[in-house]
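Subject: Structure handover

Hello,

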Amino acid sequence: MRTPKTRAALPAGLLLAASALAGVNPPSASAAADPVTVTVNTRAGLATVPDTALGVNHAIWDANLGTAETSDLLRDAGVQMMRYPGGSYADINHWKDHTAPGGYVAPGTDFDTFMAAVRRAGAQPMIIANYGTGTPAEAADWVRYANVTKGYDARYWTVGNENYGNGHYGSAWEADNHPDKSATQYARLVVEYADAMKAVDPSIKVGAVLTMPGNWPDGITAGSDPGPWNQTVLSIAGPKIDFVDVHWYPGGTAAESLARVNHLPDAAYLLRQQLTRYSGANADRIGISFTELNVDAGRTTQPAALFLADVYSGLLESGVFTVQWWNVHNGMGTVTQVAGQTDYGDFGMLSSGACTEDGSVCQPPLNTPFAPYHGLRMMKLFATPGDQFVRAGTDEPLVTAHAVRRVNGDLAVLLVNKDPDNDHPVTIDYAGFTPSTVAPTVSTLTNGATGIATSQSGSATSRTLPAYSLTTIVLRPAGTSAGRPSTPGKPTASGVTDRAATITWPAATPGGSPIAKYEVYRHNGAVSEQLGETASTSFTVDNLVPGSRYTVNVLARDTAGRVSWASPPLTFATGSPAASACTVRFTTANDWGNGYIGGVDITNNGTKPISGWTLTWRWPTGWQQVSSGWSATWEQVGTAVRVTPTDDNRQIAVGATVSAGFVGAYSGPNVLPTAFTLNGSVCATG
């Protein structure tokens with residue numbers, strides 16, 4: 001969590017209603033010369049927007065937590081979930097007497113007041129049970145009070161907050177009174193908490209704290225734990241939990257934070273891999289929540305708004321069930337100028353009305369919305385419960401795109417211009433969707449604006465994005481969708497090898513005409529590649545590439561040519577051959593959070609000695625590299641790694657193994673390679 005900058009009650013002030021905000025003219029910007037190509041592909045379906053998607057954090061040091069003004073602003077921004085009692089404060093908070101020894105508790109922030117605020121905003125609560133200084137019995141009593149005594153129907157309960165920050169890995173910011181601070185002990189107690197809490201109300205969902213793949217202390221094993229934090233917690237508590245809870249603060253400059261949004265697909269993929277590998281049977285039932293996000297630079301100005309919209313969209317399209325900003329009110333930080341605007345360094349999305357210690361700079365009046373609040377309102381305009389995210393992409397790194405297909409057939413496109421200096425003209429291509437000729441509804445949040453401008457204007461295929469802006473375009477379809485088949489069910493993969501996989505799905509329901517066939521598409525960025533078609537509900541895909549990740553959808557087409565929506569996505573990865581003339585064992589050890597000691601062991605399974613060899617592989621991401629190596633010559637160009645022998649290990653006798661080592665480095669999720677080629681042949685892996 002990010003702690004408050006002030007411990008005093010937040011000062012009162014004037015409320016500036018979001019609905020009355022007026023825009024201001026942004027600083028002038030020049031237009032980029034070449035148009036950006038945006039591709040929106042409705043054949044490439046992603047996750048469906050849940051009714052818990054848009055969330056924020058509330059904290060018990062915030063005296064305005066329960067005010068009608070605050071709740072109404074959050075309702076107007078579309079907030080669907082509120083987290084309580086506030087990050088690390090959760091591990092010192094005792095709900096019965098509403099105390100937090102060692103921290104400040106503002107008046108009017110007790111649990112009943114919080115629940116009244118949640119209800120006024122039309123949201124759901126997410127509650128953090130005290131792990132650090134609490135007990136399973138205390139948490140169970142809270143569930144009893146909330147759901148049995150008061151009938152609040154609070155569904156989501158997390159055991160603790162950032163509990164890996166208890167000193168077990170060297171850094172200690174999270175309260176933890178347990179003598180044993182290991183990941184193993186946390187996991188064992190999560191089981192006790194879950195059992196005690198569900199004994200009171202079996203219908204609740206209990207979550208455990210994990211770290212985001214690629215972020216500290218991911219990959220680090222400490223003490224006597226059998227593995228890193230995530231592996232240890234999931235191996236013990238996985239069968240008992242319903243979701244996992246993750247935080248992300250990307251850090252860096254505004255430009256670096258906005259660029260690191262590209263880490264999210266791989267982080268979500270690795271997290272789901274960890275759940276599948278370590279949580280036991282039926283791991284797909286375990287949800288993922290991201291309950292703290294913010295930036296280091298531009299927290300109250302446009303970078304935070306752009307980051308919020310881009311990250312919320314990216315995580316939700318990956319299947320995360322809630323994304324929550326840190327936080328509603330927080331307090332004054334370091335004052336800077338960002339892209340021509342005053343930034344107050346405040347983690348809150350609403351002003352606390354605070355001033356610097358010397359009184360030289362004051363925030364605008366209490367509850368004045370900062371830029372991330374408007375970013376959240378843009379998310380409300382863009383993605384509503386029941387919408388299905390579909391693939392969207394661009395050919396310009398400073399312009400990103402997201403899209404949803406709505407239940408009524410409309411298509412909404414969110415465009416993010418991360419360039420602080422240049423407007424960007426865009427052309428938009430659509431696959432699987434034909435827009436109406438009616439002018440779309442367009443909403444824009446520009447740099448420095450105090451509100452969102454909305455109009456019905458322009459065309460569906462071209463637009464100019466102002467510098468440092470968010471733009472949402474809502475389009476009507478050209479024709480009717482009546483009579484189309486229903487959406488096929490979520491596919492599953494079986495018989496996955498290095499070169500093939502069998503994909504099976506629940507049948508669609510016919511609409512106005514019988515179903516003629518099913519079409520199977522692979523996502524290739526924002527473009528779909530049709531892998532094949534069949535009249536049945538199963539299809540075997542051949543000629544796949546070893547060690548590659550595939551995301552596919554299934555569409556149903558009827559005899560009249562009407563096409564269903566894309567099925568939910570299926571992601572699977574091919575491996576290496578079951579048998580080969582060579583075997584490669586790839587190892588990692590002594591991971592320190594952004595690097596590790598790696599090794600490759602190469603075994604000759606053939607019938608002849610190998611005299612001279614070249615081993616190659618590709619890193620799955622662009623932020624992984626070989627920093628240095630030994631017992632071989634190591635080269636890397638882009639993501640391609642090439643390893644050649646020294647004079648000492650050029651020869652590999654039949655059945656023999658040679659080894660080489662390297663220092664691996666990564667600055668994002670560390671997705672390890674799974675396919676290796678020796679002298680042109682794909683090896684088995686050991």
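Below are my notes on cores, helices, sheets and a few loop residues.

This is a predicted model, so local features need pLDDT of at least 70 and side-chain atom pairs count only at pLDDT 80 or more, while totals for chains, interfaces and linings use all residues. Residues are numbered from 1 along each chain as its sequence is written, and side-chain values use heavy atoms, with hydrogens and water left out.

Cores

A nonpolar core here is a set of buried Ala, Val, Leu, Ile, Met, Phe, Trp, Tyr and Cys residues joined through side-chain atoms within 4.5 Å. Buried means under 20% relative accessible area, exposed means over 50%, and partly exposed is in between (1.4 Å probe, protein chains only). The largest nonpolar core has 114 residues. Phe-290 and Met-379 touch the most other members of that core. A second, separate core has 24 residues, including Cys-582, Ile-602, Trp-617 and Ile-652. In soluble globular proteins, nonpolar side chains tend to be buried together.

Look at Met-379 next. Contact means heavy atoms within 4.5 Å. Beyond its neighbours within four places in sequence, Met-379 contacts Leu-54, Leu-308, Ala-309, Tyr-312, Ser-313, Leu-316 and Leu-414.

Helices

Helices (H or I, at least four residues) and strands (E, at least two) are DSSP runs, numbered from the N terminus.

Helix H8 (residues 302–317) packs on helix H9 (residues 371–382) at an angle of about 35°. Their axes lie 7 Å apart. Axes are lines fitted to C-alpha atoms, for helices over the stretch in contact, and angles run from 0 to 180 degrees between N-to-C directions. On the H8 side, the residues that meet H9 include Leu-308, Ala-309, Tyr-312, Ser-313 and Leu-316. On the H9 side, Met-379 is one of the residues that meet H8, along with others including Gly-375, Leu-376 and Phe-382. By class, this contact has 11 nonpolar, three polar and no charged residues. For these classes, Ala, Val, Leu, Ile, Met, Phe, Trp, Tyr, Cys and Pro count as nonpolar, Asp, Glu, Lys and Arg as charged, and the others, Gly among them, as polar.

In helix H1 (residues 68–76), the buried residues are Thr-70, Ser-71, Asp-72, Leu-73 and Leu-74. Their cover includes strand E3 (54–57), strand E4 (81–84), helix H2 (111–121) and H9. Gly-78 follows H1, with a positive phi near 85°.

In helix H5 (residues 229–237), Trp-229, Asn-230, Thr-232, Val-233, Leu-234 and Ala-237 are buried. Helix H4 (183–200), strand E7 (205–209), strand E8 (243–248) and helix H7 (264–278) are among the elements covering them.

Sheets

Two strands pair if DSSP finds at least two bridges between them.

E33 and E34 (residues 640–644) pair over five bridges. Glu-635 stands opposite Arg-642 in E34.

Another open sheet of five strands has the order E32-E36-E29-E28-E39, with mixed pairing. E32 (624–630) and E39 (684–685) stand at the edges with a single partner strand each, so one side of each has no neighbour in the sheet. E28 (residues 582–589) and E39 pair in the parallel sense over two bridges. Val-584 has Thr-685 as its bridge partner in E39.

Strand E16 (residues 422–431) pairs with E19 in the antiparallel sense over four bridges. Thr-427 has Ser-462 as its bridge partner in E19. Side chains alternate along E19 (residues 462–465). Arg-463 and Leu-465 point to one face and are buried.

Loop residues

Both Ser-360 and Thr-356 sit in the loop between E12 and H9. Which of the two is buried or exposed? Ser-360 is exposed, at 53% relative accessible area. Thr-356 counts as buried, at 19%. Leaving aside neighbours within four places in sequence, Thr-356 contacts Met-332, Val-335 and Val-361.

Arg-285 lies in the loop between H7 and strand E9 (287–293). Arg-285 counts as partly exposed, at 33% relative accessibility. Beyond its neighbours within four places in sequence, Arg-285 contacts Gly-238, Pro-239, Lys-240, Ile-241 and Asp-242. Arg-285 and Ile-241 are 44 residues apart in sequence but 9.4 Å apart in space, C-alpha to C-alpha.

Best wishes
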